[in-house]
Every structure is written in structure tokens, then in C-alpha cells.
Amino acid sequence: MLLLRCFLLLSMYFPVHGLPAESSSQRAKHEVRNSADFQMMEQRFLDTMGMRSRPRPKRGTRIPQYMLDLYNSHKAHPDWISTQFRFGDKWIGANTIRAFHHTDNDGIDASENSNLTRIIFDLSTLPMYETVTSAELRLSTRSGDLKQPSNSTQLWIRVYQVLLPGMGDTPALRRLLDSREVDARVAGWESFNVELAIQHWVKNPEQNYGLDIQVTTKEGHSIKDAVRTREHHAEEDWHEERPLIVTYNHDELHHHHTRRKRSLRSGGAKRRRPQYCQRHPLYVDFTDVGWNDWIVAPPGYHAFYCTGVCPYPIAKHLNATNHAIVQTIMNTVDSNVPNACCIPTTLNPISILSLNEFDKVVLKNYKDMVIEGCGCR
């Protein structure tokens, strides 16, 4: 509800469909964005999103295609509303999805074993208040240029967590997290379960020694460069093929416990009398608010707003509580008692794909963002 209030307050300063605006000039918008009131409301909104400051994405920051696909997949199923993500017919116990590329200075051979490639992920920006319910490592496989020592077309990819790095003649201590057999003739993405490693690193960040990747044929021959772990010759497609860890997290602060059918109506209840309490159109445009540089999708959304009178006697279609009915009756005999107010009674969440203050990609479902119904309270 706080998020929606922030948007409604911001709409007083910026032109949104359905409400008048003070000024549509770029200069006026710039002045308002620099005002103390706007920055206070903006910070309140960021606080509810779990951010300490406004994101300032670096120029050229790329969004992993996988995160865009997840957003579009979730958006394609609007018949149910929940802050839990749903992909196809599967619900997952998470309302937040985060993506982490591996650091640029790794993808190096493990010192004591050249058959392994070590990659390291910086997860220091993962909020402690979120519970990791699942995590996957996504690796891009290469095809066509694999120099295989045998005629085998099948490869085994194994992912190990480095529990202790090797020192001198002492080899590293590892545990196998996941493995998969892949077709060497086909390029694509492979997913590996690394939940145990991520959960361990969250609790013990000083023990994050990275992951070791091993690729072999069925006969046990090692294959180098079978998965993309480093850039070669400044290739333009490197940003699309970098190793990626995707975490599925549960954030209780933004969890919505109920699931209800989405109404396909664009307006509120049937309008008998326009002055009565009801839902009205309100489209929030993130470009107008100045957040389009860090909110990737959607470009805006229909938030709606509630306004109108709660007259005496209150009709049933105004969705009034017993308290509101009694309060309205008291208002007719005592003018010091305020009349009931027209407020949101049912709200639904929306999905937002964004960059946070650390340039990390986040897909989160935020509750209480869209007004579904209004009533007298």
C-alpha cells in the first residue's frame, strides 16, 4: 500500500493519464525531481524495494536474456495474481529473482588441476532478509570448435563447490553439486543446481572460494573451452554468454498470501452515479517519473485510484463496512463526526524487472500496487 501511495503522490507532480498535471515541460519536471519533497517520496519508495539509494546504472549495462524471458513468462499468465512466481503450471516458493554474473578476473584454471576451470561470483549484495529457496548456475556451451580426443558426441559437465582452496602441494577440497550430460554438437544453455553452495556462502561469505567446472567425454578425456567462462577476442556476444547464477528468494516483506482471479475490467464497478466512491483510471509512466533508466520493465502500469463520496444512506455497491455505515449515520446527527472515506479495499501485485544500486538485475513481485476495488471505510 505504501508503494501505491508514493505513486499517487508522485502523480501530483507528473502528467499521468486520468489526472491533471501542474506542468508538462521538461524543465518543470527537472525542478520537481530535485525538490526535497520528491526526493523524500522517492526514498520512501526505494526503502520499500529494499534499496538504500537510487540506482544509477552504468552506461551499457546489459540485461541477461534469461531474466527478460522469466519476466515475459510470468507476465504471460495474468489469470492468477500472487507475489509467488509462476512459470507455466509451476509455482515456485519465491517472490524475488536475482541474477549475478561471474567476476571478470576469473575463468582461470584451477592451480592444481588444469582440467578444471574456476569461476567466482560476488554475492555480497544479496540481502540478508531474503531466504534463498533455489539457485541455478547457467552455463553457455560452445559447439563446432570442440577439439575432441575421441569421436564421442556426448560430454559430461560437472560443477563443484570449492570448500577449501588448494595450497602448495595440498589439493583443493571440493564437493560435487550437479552434473549433466550434453550433446557436443549443440550450442545452448545448461542449468545446474547450486543451491547448497549459495546457501553456504550467504551464511559464510568468507568461505566463497568459487565453483570449479569440469568438462569431459564419456571416456574421461578433458575438454577445454566447452563452456563459456571467459571472453575471447573481445567478442560482441560475450555479455549474452557469460556464466550466470540466478537465485530464487523469498522476501516476506513483499509477500502476498492470497491468490485471486484478476478482473479483466479496465474500470471499477458499473458507474451508476459518477460522484459516488469508485475506481478511476491512473496510468503511472516510469519515464515521466524519471525511473526508466533503472526500471527495465514494464514501462509503466495501470495503478488506478479511488475517489468519490460515501453518501447517506450508503448503497450496497459501495462496498462499505459496518463501521463505515454507522459512522455515516453518526455524521448525519453530529457534524463533528467525519464522513466515511473512499479508499482502496482490494489491491494486487505487479512484477518489476529492474537494476538495483549495485547494477544487479532483480525481478520481484511487489504487493499492493494495483487497486482492484474501492469502498467506503
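What follows is a conversation about reading the features of a predicted model.

Visitor: Which ground rules come with this model?

Guide: It is a predicted model, where local features need pLDDT of at least 70, side-chain atom pairs count only at pLDDT 80 or more, and totals for chains, interfaces and linings use all residues. Residues are numbered from 1 along each chain as its sequence is written, and side-chain values use heavy atoms, with hydrogens and water left out.

Visitor: How many helices and strands are there in the chain?

Guide: Helices (H or I, at least four residues) and strands (E, at least two) are DSSP runs, numbered from the N terminus. Here the chain has 8 helices and 20 strands.

Visitor: What share of the residues counts as buried?

Guide: Buried means under 20% relative accessible area, exposed over 50%, and partly exposed in between, with a 1.4 Å probe and protein chains only. Of the 377 residues, 46% are buried. For contacts (heavy atoms within 4.5 Å) with a separation of 6 or more, 71% are between residues 24 or more positions apart.

Visitor: How do I read the order of the strands in the open sheet?

Guide: Strands of a sheet pair through backbone hydrogen bonds, either parallel or antiparallel. Two strands count as paired if DSSP finds at least two bridges between them. This open sheet has 7 strands in the order β10-β7-β12-β4-β20-β19-β16, with antiparallel pairing. At the edges sit β10 (188-193) and β16 (295-297), each pairing on one side only. From one strand to the next, the twist averages 30°.

Visitor: Which strand does β7 join through 7 bridges?

Guide: That's β12 (residues 244-250), which runs antiparallel to β7 (residues 131-141). Helix α5 (residues 195-203) lies across β7, β10 and β12, at about 125° to β7. Axes are lines fitted to C-alpha atoms, for helices over the stretch in contact, and angles run from 0 to 180 degrees between N-to-C directions.

Visitor: Is β19 largely enclosed or open?

Guide: β19 (residues 342-355) is largely enclosed by the rest of the structure, because 11 of its 14 residues are buried. With β16 it pairs antiparallel over 2 bridges, and A297 stands opposite L353 in β19. With β20, β19 pairs antiparallel over 12 bridges, with S351 opposite N365 in β20. β19 and β20 form a hairpin with 5 residues between them, and D359 in the turn has a positive phi of about 65°.

Visitor: Which peptide bonds are cis?

Guide: One is A297 to P298, with omega near 0°; P298 is in the loop between β16 and β17 (300-302). Another is Y312 to P313, with omega near -10°, and P313 lies in the loop between β18 (305-307) and α8 (322-333).

Visitor: Which residues make the nonpolar surface patch?

Guide: Y312, I325 and I329 make a patch of about 290 Å². I329 is in helix α8 and is partly exposed, at 41% relative accessibility. Patches are made of residues with over 30% relative accessible area and no salt bridge: like charges are joined within 9 Å, nonpolar side chains (Val, Leu, Ile, Met, Phe, Trp, Tyr) within 5 Å. A salt bridge is a side-chain nitrogen of Lys or Arg within 4 Å of a carboxyl oxygen of Asp or Glu. Accessible areas come from the Shrake-Rupley method with a 1.4 Å probe; for residues, only the protein chains shown count as cover.
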